[in-house]
Amino acid sequence: MRIATFNVNSLRARLDHVKRYAEEAAPDVLCLQELKLDEGQIPYDELKAMGYPHIIARGQPSYNGVAMLSKHPIEDPQTQFHGFDDPAARVVAGTVQGIRIYGLYVPNGQAVGSEKFHYKLGWLEQLRIEVHNHADDISLVVCGDMNIAPTDLDVWDPFKLDGSLQTTADERQALDRVLAWGLKDAWRHLNPFEQQFTWWDYQKMGFVRNHGLRIDHIFLSDDLLGRLKKMTIHRDVRGWDTPSDHAPVSVDL
């Protein structure tokens, strides 16, 4: 099984990119973030025509929006955390072939110390509660645009960016508390010393200069980690015409 996640930064603008990526990478499950479409604007017919008859999605006009596309039936669909009524469309979850999968768009946080930054930390605490409510023997995948670079190896210049948004100790510790349930970073498990990124700013030739961050992640429960064959950052997608600022990532189980 191949599971992938891709922040498309507007599905309307990047529908052709999703189609091309789906054809080339052929994930069984594809989680999308930042659809930026109202519920009624989500192109279900086009997505199903790509080979994904099973879809759960939550839209939001102009902002956010998430979807899970699957070649296999999705059981127990979910579009928000249990017990947390968040107006922002940031969560999809479902069980596919016995694996519980969360596709997430974690809040950016806007600026360190701001109201939105504290909302981000609170949102991550809700994620921790959600994850830790699962039995410890469940097969679990948590993936998406997590908007956190877990270590200094995941940023292009840890000295220049020290203490900046997505690299703060508060954000990293909040993510660590989520992972403490028993989730492992698939990329870092297979590549303990390699530096690659999943996001590059549109400004200042960020992609050309490789000034990036690794903020799109796939975290796996221990049983799935034992089945992990490959983890890929599809960097080439970021080089396509009119790209998202994110590259898709995928795991092969």
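**View 1. Glutamate 171 sits in helix α4 of this predicted model.** Helix α4 covers residues 169–179, and glutamate 171 is part of it. Is glutamate 171 buried or exposed? Its relative accessibility is 0%, so glutamate 171 counts as buried. The side chain of glutamate 171 makes a polar contact of 2.6 Å with the side chain of threonine 168. Leaving aside residues up to four places away in sequence, glutamate 171 also touches several others, including Asn108, Phe117, Lys120 and Asn147. Leu121, Leu124, Ile148, Ser164, Leu165 and Gln166 are among its contacts too.

**View 2. Six strands form an open sheet that includes β7 and β8.** Read across the sheet, the order is β5-β6-β7-β8-β12-β9, and the pairing is mixed. Which strands stand at the edges? They are β5 (75–78) and β9 (183–185); each has a single partner strand, so one side of each is left without a neighbour in the sheet. From one strand to the next, the twist averages 15 degrees. Helix α3 (residues 115–132) packs on this sheet and touches β5, β6, β7, β8 (140–145) and β9. The direction of helix α3 makes about 175 degrees with that of β7.

**View 3. Strands β6 and β7 run antiparallel.** Here you can follow strand β6 (residues 91–96) alongside β7, joined by 6 bridges. To find your place, look for glycine 94, which stands opposite isoleucine 101 in β7. As a reminder, strands of a sheet pair through backbone hydrogen bonds, either parallel or antiparallel. What does isoleucine 101 touch, not counting residues up to four places away in sequence? Its contacts are Ile3, Val29, Cys31, Met68, Val92, Ala93, Gly94, Val96 and Val141.

**View 4. The largest nonpolar core holds 30 residues.** Which members touch the most other members? They are Met68, Ile101, Val141 and Leu220. Strand β7 (residues 99–105) gives the most to this core, with 3 residues. Another core lies apart from it and has 23 residues, among them Val18, Ala25, Tyr52 and Val237.

**View 5. Valine 142 lies in strand β8.** With a relative accessible area of 1%, valine 142 is buried. Not counting residues up to four places away in sequence, valine 142 touches Tyr102, Leu104, Val131, Leu183, His217, Ile218 and Phe219. Now find lysine 184 as well: it is 42 residues from valine 142 along the chain, and their C-alpha atoms are separated by 9.6 Å.

**View 6. Cysteine 31 and cysteine 143 are not joined by a disulfide.** How many disulfides does a search of the whole structure find? The search finds 0. The cysteine sulfur nearest to that of cysteine 31 belongs to cysteine 143, 3.8 Å away. Cysteine 31 counts as buried, at 0% relative accessibility. Cysteine 143 is buried as well, with a relative accessible area of 0%.

**View 7. Another open sheet of 6 strands has the order β3-β4-β2-β1-β14-β13.** Its pairing is mixed. The edge strands, β3 (54–58) and β13 (230–233), each pair on one side only. Ignoring direction, neighbouring strands of this sheet are turned by 10 degrees against each other on average. Helix α1 (residues 11–25) packs on the sheet, where it touches β1, β2 (29–33) and β14. The direction of helix α1 makes about 160 degrees with that of β2.

View 8. Which residue in β14 is the bridge partner of alanine 4? It is serine 250. Alanine 57 has alanine 67 in β4 as its bridge partner. Strand β3 is mostly covered, with 4 of its 5 residues buried.

Key: Residues are numbered from 1 along each chain as its sequence is written. This is a predicted model: local features need pLDDT of at least 70, side-chain atom pairs count only at pLDDT 80 or more; totals for chains, interfaces and linings use all residues. Side-chain values use heavy atoms; hydrogens and water are left out. A disulfide is a pair of cysteine sulfur atoms within 2.5 Å. Buried means under 20% relative accessible area, exposed over 50%, partly exposed in between (1.4 Å probe, protein chains only). A nonpolar core is a set of buried Ala, Val, Leu, Ile, Met, Phe, Trp, Tyr and Cys residues joined through side-chain atoms within 4.5 Å. Helices (H or I, at least four residues) and strands (E, at least two) are DSSP runs, numbered from the N terminus. Contact means heavy atoms within 4.5 Å. A polar contact is a pair of N or O atoms within 3.5 Å; within protein, one must be able to donate a hydrogen and the other to accept it, and residues adjacent in sequence count only if both atoms are side-chain atoms. Two strands pair if DSSP finds at least two bridges between them. Axes are lines fitted to C-alpha atoms, for helices over the stretch in contact, and angles run from 0 to 180 degrees between N-to-C directions.
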